[in-house]
Every structure is written in structure tokens, then in C-alpha cells.
2 protein chains.
Amino acid sequence: MDAAEFRKRGKEMVDYIADYLEKIDERQVFPDVEPGYLRPLIADCAPQNPETFEDVFKDIEKIIMPGVTHWHSPYFFAYFPAASSFPALLADMLCGGIGCVGFSWAASPACTELETVMLDWLGKMINLPEEFLAGKDGHGGGVIQGSASEATLISLLAARTKTIRRVQSEKPELTEADIMGRLVAYASDQFCATLGTTPCCSFDKLLELGPICNKENIWMHIDAAYAGSAFICPEFRHLLNGVEFADSFNFNPHKWLLVNFDCSAMWVKKRSDLTGAFKLEPLYLQHHHQESGLVTDYRHWQIPLGRRFRSLKLWFVLRMYGVTGLQEHIRKHVRLSHQFEHLVRQDERFEICAEVILGLVCFRLKGSNELNEALLKSINAAKKIHLVPCHLREKFVLRFAICSRTVESTHIKFAWQHISQLATDLLKTWEQNHHQQKQQ
Amino acid sequence: MDAAEFRKRGKEMVDYIADYLEKIDERQVFPDVEPGYLRPLIADCAPQNPETFEDVFKDIEKIIMPGVTHWHSPYFFAYFPAASSFPALLADMLCGGIGCVGFSWAASPACTELETVMLDWLGKMINLPEEFLAGKDGHGGGVIQGSASEATLISLLAARTKTIRRVQSEKPELTEADIMGRLVAYASDQFCATLGTTPCCSFDKLLELGPICNKENIWMHIDAAYAGSAFICPEFRHLLNGVEFADSFNFNPHKWLLVNFDCSAMWVKKRSDLTGAFKLEPLYLQHHHQESGLVTDYRHWQIPLGRRFRSLKLWFVLRMYGVTGLQEHIRKHVRLSHQFEHLVRQDERFEICAEVILGLVCFRLKGSNELNEALLKSINAAKKIHLVPCHLREKFVLRFAICSRTVESTHIKFAWQHISQLATDLLKTWEQNHHQQKQQ
């Protein structure tokens, strides 16, 4: 395929994506396929000779779409949102077109510098303490990781290196293995200090944890993967109070800030803590600006060597939505979750299982776990909407997460009426069975 | 931005990318900017109100492009290639449009199943032993990682878990920390067993290493990040002989197989070695098909939880190029590297520093490291072409890597004439200086 054909096919693909997203509510949110569905539909091995774009294109609807769970459907209420917006899609196209690999400043200066500045923008939007920003000559700064798991792993490794070095300087007789065997990572069952846990969006008390960590010389990492985006709204910023005690912090714009996956924003107070742990300097990656101390080489901040030009997505989204546009998006989702909460609370058969703070509602039928498992099964079997469950203190709970960019009040009402009707049907058969069991 | 505007802007972006790639040879391959160039060009913080697409779009040429190192320029001979092709760009657009997160089978069955089958296709193309393939009921299989570093880390962690469990079962009195302190990872200065090292594209002897690893119960991981793509050509496949002894193997289609970053293909013989080390089963990620043993949940195979629909890129590229098209691409690059090698060998001032096997030529002026550092400096200062150096046995060596998809014989000739002329100029002043120093 040459550039001329790409112009034609690229435009067809743009239309296909626009059609897909415009009419996504007409597709069944969860697919009908069974495990192994795809293999029999395609060849056993790659073709020897080229196929045409048409050959491949027609297989998208035939082979791929029947097996897609539509995360951007307004009937998708499972997991947490996967952010998506048109500005982010455009930026990602540009990222692919430029196709640079930004492991060092010299490998593509724009890639490194835009990232540093975008993470400063984002840090200011959530009112992060100055120490986390790079500015012109700060000691801190931000980096885009692929996922919150990577940010947490990086923090853990940096903390380990830092602690080992500190202990070694105090007790030179100890070997690294001796020290390693005695290191302790403190965590709850959601791991590190978390703002907005996945099961029920609960918040750790940073103002209690922070001073203890600082006093005891413990690296404090805060993961706000989902909830972090909400901190751009002043009314939610108080949830981040205590971040000033942390060594590192991350949240995922790719969850709730309209930036397509992957874009996990991570900040540290001392960039030397990361570069100290991960520095890698083969000659082929050195460049004469390194010595100046002026440049950032992001390969020292992450596990992979290669990296895409992901800050373009932030640049496009932050500018084309503006802070107010993004705040509106967050506030709409929170408003819709409270709408759903309100509907649940009006129905005495149900209970709300955790305080609704952001875009997640945890609820269940009053009654046994089996009953709630049956309800979830009937919801997901009907495939009108899609939810996933969680466990809260031994209880089986249904999670209703506001996900799609295009979800509106009507979808929430529909979802509730649907759930309510399925509950009525279920309770009828459940009581009959119960009655029969009693008679036997 | 709504779907209607996306249709318009998306098509403009397609044209912009096509223009960029069609005329990339007219741009200076390495930018003129100095560290810190970008910050003064853009605002200090994100705008409160939305800006238009035009506002952002005009800043691409004004702010971004002046700081881009053009990896796809036919004058770019640095590092290793970053793969790029039009089919891969189209597939990545689709990946963004669908925007699913494929951490489990249920999260989007097509995302998981296409990946498994594509890795089988790719495995067959390089003639991997059957044990590495998933097939319908194999114990092995492939997964797409973000980078070779991640594949290596995953292997290391899986190997560690496996070894600790084995030792614990033999000696239950040992604690995990005791065992951990005694574990040894064997590696050369390029780390694990490597096919095609970055400095000079050398190859470890798998047929010697493999049997020792197997005998001593050592996990063997093979990294063929760059070179792996070449194994689709029968004439290079012998370089992979011995892979049958390995536990895990990876290479990067995003380097040399025309699949845009990121796409690092990794295979294991026993998928249970990975899932045993990384299994993570909170309720909200469980689905009823898990029990069947029929499904793959890729979150157990990697560090991150989230993952993009990256196999679409493989699907588009393998089908639209066909095996023969991809073989042609590899063979062209190897032919061009031999063309450059031939030109260097004809010039008695120069020497070739490592056998030219694939697309990399390591060469230098006969003489001191300082002389060669000066030559590289003059090459990169002229900015007609771009190279990076390496160290081979204490010697400072220039790496000439065939990178761009569109590089042709004329570019190689130009590059050589340019280098040769710069060497002539350099040697003249160098000898004058030398002469003057002697006289003083």
C-alpha cells in the first residue's frame, strides 16, 4: 500500500470509526460468541501473497465485531471507563504517523519535551504540590506510563533501590540479599495507598498514612488510577489532600479523562530516585546534551526502552476540551451515578453497599449472595446492558459504573427499569422455588 | 468534537500523515533545537476553554515538527528501525476506534482470540517449534508485550517463581527470602541469550547454551528483538536453531516487520509458567468461561492489567503484505547493508568491525577512538544523515543501520559519499593538527 492508497483507505477508516461510534448503541453491548469462535473463521497461517484492503476490511464486521465487547456503548456499565474521544483518536493517528521512539531526548526532542510540559499542565489541573512539577529547573516531574501497574512497579523498584542504598550506607556489612530479605512493603488488600479502589471506589486516608510514612522513611506511592481525573474539579480535590506526603503519585487519564489507552500519568518528587534505580547508558543511547543536566531521558523512568509519542493525546484533549469541558465530562458522570443511586434507593428490595462518591454505584438485592449472583447472571444473559460484580465484606455486590462518553440520563433510566424488571422476574421464580422446597 | 467534525478532521489528518511520509526526505533528519526549546513556545497551563482543531493543527508544524527526529526518513540510519507501514497505521486507527481493554477473554473476546491466532501465524512464519504454539489445545502460546524489556522481565519473574517453588518443594525448611538471596541469573553483558545484539547484531550460540540450561534446570529466555523478523526468510532461519531448548522467546515486529510500535511478540512453551506467576483473580475480572479451561486471560501473561487491541496491526500487515512481501522487505534491507559494507571495504581508510549478517554495518576509520568520535560528530552536525555509535571491545565504532521502509540504493550511495567526503575533510585538518603538534 502506497501513500495514495492510504489516503483513500484512511478516509474510509475514519468514516468506519465515526459510523461505529455514532451507532454503537444499536449494537448488542456484549457479544454472543463462545470461546474459540474466531480460529475456525480465519486461515490457519498467514497468506503467502498479499491480500487487498477490501479483503481485510470486510472481515472486520464478519470476524472481529461479533466478538467485541463494546466498551463505548452507553449500555456498558462494567469495570471502569476506558476513555475515548475524537481529539485523542486524531492525536493517536499523528503519533502513529510520526512513529518516533522517544527513549532519549535526542531520539525525538519534541516527544520528550511535550510530555514533560503536558504532565506539568495536568499536575496543575489537579493542583499537585509544586514539588511534583518539572518546571524549568524542578527536581520532580511527570512521565507517561502504560498502566497504573507499571507506575506501581516502578515506585516499588525505586523505593527498594533507595532503601537498600540507605541501609547499606548505615550498615556496610550487610549484603544486598540480606537487606532484600528484610524489606517490607506495607499495603492494604488493594495494595498501595489507593484513591478510588476498583471494587467500590473507596479512599485511603492519606492524612493519616502520610505522616507515618514520612517519619519512618517509607516510600509512599499513591494510586488514583480511576479517581484521579475527578481532582480537576475543585469539589473533589479534597480527596487528594495528603498527597504532599507522597513520594510518587499516579492516575490514568486513559480511564476517565477522555484520553485513549494507554496514558497513565505518574509524578515523582525526586526524579533522581527513578533515574538512580533505572539508569542505563550504553553508548548508542548517549548524546552530547546529557552532560548538561538540562535534558530528560525518559528511558530511565520506566521498564520499557521504547515509548510512543503519547503526550500528543494529552495535548489534543486538554486543548480541544479545555479544563471546563473536561470538568463537565466528570460532573456529568458523577451526576448520572447519583441518578442511578437515587433510583436504587427508592426501591426497597435493594440496598446501596458503599458511599457513592464518583461514578460508581455498588448495589445489591437485600438477600443472599446466591440471589444476587442470579440477578447479575440474568442481567448479563439478557445482554441489554453489561455489569460486573465485586465482593465487599463477603457480600456479592453488583457494580454499576458510568463509563461511556455518550451515556445520558435516558440510558440510566433504561438500565434501572431493565434491572428492576429482571429482579421482579427473578424474585418470582426464586420465591416459588423457595415455597416448593419448603413443601417438599 | 462530534462524529461529524471527526469525519472532516480525521480525513485532514490522513492527508497530513500521507504528506508527511511521502515528503519526509525533504525534511532535515535530525532537528536543530536545543534542550528546553518547547516550553517557551506553549502556554504555561491548559486552557480553561476549548480551542479549535485549527488552533492545535497549526501548532504541529510550528511546535512539534521542529523538534522531531524523523525515524522514517531514508536518511535515518541510527539505533534500529522503528517499523511503520500504512496497513499498520490503518489497523491502529481501528484499534483506537474500538477502544476496548482486553485484560480478560470476556472484556473483548475478539481482542484475545485474534492475538492468540496471530501469534500462531507469526510463530509458523519463523518456524518456531510446535510446543510454542497455542493451536486448539496446546500448552504454549504467544502474547503481545509492549517491549522486549517487558518480555525479558516477565521471563525473569516467571523463572524466579518457578525456581522458588521447585526449591521449596525439595527443601521446605527454606524461606522464600533464603532462596531469593541465592538465585542466580546468568547473562552476558547483553543480558539473556540474545540473537542480534544492539551494538553489533551478534548472535549467541543457542546450540551450546541450550543443552546446559536444560540439564541444569535453568529457564532459558531468548531475546531476538531486532533480528527475529529476519527468521521469516529461510536463508536466515538457521540463526534461530537451538530455540527448541528455550522456555521463552521474543522478538519485536515493531522493529523490523512493518508493524508500528508497540508490538513485541513473546512465546512460552508452558503458559502455566506465566499464569502460575502472575495470576490475579478479583471477582470483577472473573467470568463464567474461565472454569472451562478454554479461554486465555492475557492479564496473567503481563505486567499491566490493561491492553490495547494490538493484534489488529499484525492481522492487517501480515495479510496486506503477505509472507512474500515481508520477506522482500527484510531482503531489501539486508541487501542495502551489504551494499554499504561493500562501499566501506573499497575504501582503505576504513574498516568493518563486525560481520554483516542482517541490516547493520559497524565500521570505523582506521585510527584512534578520538578520530572516529570526531567523524561521527561531523556527520551528525551536518544533519544530512543520522547515525549513532557503539563500543566494540574498547573501540569507538559507527553503526550504520538500515531503517526506513522507503530507503533505497540511492540513499545508501548518497550516505556513503557524504561520510567519505566528511572523512576526507576531517583527515585533512586532523593531519594538519598532528603536523603542527609535531612541529611545536
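A residue is called buried here if 20 or more other C-beta atoms lie within 10 Å of its own C-beta, and exposed if 12 or fewer do. The views below are taken from a predicted model.

View 1. Strand β7(A) spans residues 360-365; because six of its six residues are buried, the strand is largely enclosed by the rest of the structure. In a regular strand the side chains alternate between the two faces of the sheet. In β7(A), L360(A), C362(A) and R364(A) lie on one side, V361(A), F363(A) and L365(A) lie on the other, and both sets are buried. Strand β6(A), residues 350-352, pairs with β7(A) in the antiparallel sense through three bridges. Within that pairing, E351(A) has R364(A) as its bridge partner. Strand β9(A), residues 395-401, is also antiparallel to β7(A) and is joined to it by four bridges.

**View 2. The four-stranded sheet of chain B.** The sheet is open, its strands follow the order β6-β7-β9-β8, and the pairing is antiparallel. Strands β6(B), residues 350-352, and β8(B) form the edges, each pairing on one side only. On average, neighbouring strands are turned by 40° against each other, with direction ignored. Two helices accompany this sheet. Helix α10(B), residues 311-345, lies across β6(B), β7(B) and β9(B) and runs at about 15° to β7(B). Helix α11(B), residues 369-382, packs on the sheet and touches β7(B), β8(B) and β9(B), with its direction at about 30° to that of β9(B).

View 3. Of the seven residues of β9(B), residues 395-401, six are buried, and the strand is mostly covered. Four bridges link β9(B) to β7(B), residues 360-365, in the antiparallel sense. In that pairing L360(B) faces A401(B). Toward β8(B), residues 388-392, β9(B) makes five bridges, again antiparallel. There V388(B) is set opposite R399(B). The hairpin of β8(B) and β9(B) has two residues between its strands, and R393(B) in this hairpin has a positive phi near 45°.

**View 4. Helix α3 of chain A against helix α1 of chain B.** Helix α3(A), residues 86-98, packs on α1(B), residues 3-22, at an angle of about 10°, and the two axes are 10 Å apart. The helices are therefore roughly parallel to each other. From α3(A) the contact takes F86(A), L90(A), M93(A), L94(A) and G97(A), and from α1(B) it takes F6(B), R9(B), G10(B), M13(B), I17(B), Y20(B) and L21(B). By class, this contact has nine nonpolar, two polar and one charged residues.

**View 5. The interface of chains A and B.** In this interface, 107 residues of chain A are in contact with 107 residues of chain B. Elements that each supply at least two residues to the side of chain A include α1(A), α5(A), α11(A) and β8(A). The most is given by α1(A), with 14 residues. By class, the side of chain A that touches chain B has 65 nonpolar, 25 polar and 17 charged residues.

**View 6. The axis relating the two chains.** Chain A is superposed on chain B by a rotation of 180° with 0.0 Å of shift along its axis, at an RMSD of 0.0 Å. The two copies are thus related as by a two-fold rotation axis. In chain A, the C-alpha nearest the axis belongs to K11(A), at 2.6 Å. Both copies use the same surface, as 100% of the contact residues of chain A recur in chain B.

**View 7. Cis peptide bonds at D262.** In chain A, the peptide bond from F261(A) to D262(A) is cis, with omega near 5°. D262(A) sits in the loop between α9(A), residues 253-256, and β5(A), residues 264-268. In chain B, F261(B) and D262(B) are joined by a cis peptide bond with omega about 0°. D262(B) lies in the loop between α8(B), residues 253-256, and β5(B), residues 264-268.

View 8. N217(A) is not a glycine, yet its phi is positive, about 65°. N217(A) is found in the loop between α7(A), residues 206-215, and β3(A), residues 221-223. With 9 other C-beta atoms within 10 Å, N217(A) is exposed. In chain B, N217(B) has a positive phi near 60° and lies in the loop between α7(B) and β3(B). N217(B) has 9 C-beta neighbours inside 10 Å and so counts as exposed.

How values were computed. Residues are numbered from 1 along each chain as its sequence is written. Chains are lettered from A and ligands numbered from 1 in the order in which they are written. This is a predicted model: local features need pLDDT of at least 70, side-chain atom pairs count only at pLDDT 80 or more; totals for chains, interfaces and linings use all residues. Two strands pair if DSSP finds at least two bridges between them. Axes are lines fitted to C-alpha atoms, for helices over the stretch in contact, and angles run from 0 to 180 degrees between N-to-C directions. Angles under 35 degrees count as roughly parallel, over 145 as roughly antiparallel, 65 to 115 as roughly perpendicular and the rest as oblique. Two residues are in contact if their C-beta atoms, placed from the backbone, lie within 7 Å. Ala, Val, Leu, Ile, Met, Phe, Trp, Tyr, Cys and Pro count as nonpolar, Asp, Glu, Lys and Arg as charged, and the others, Gly among them, as polar. Copies are superposed by least squares on the C-alpha atoms of residues with pLDDT of at least 70 in both.
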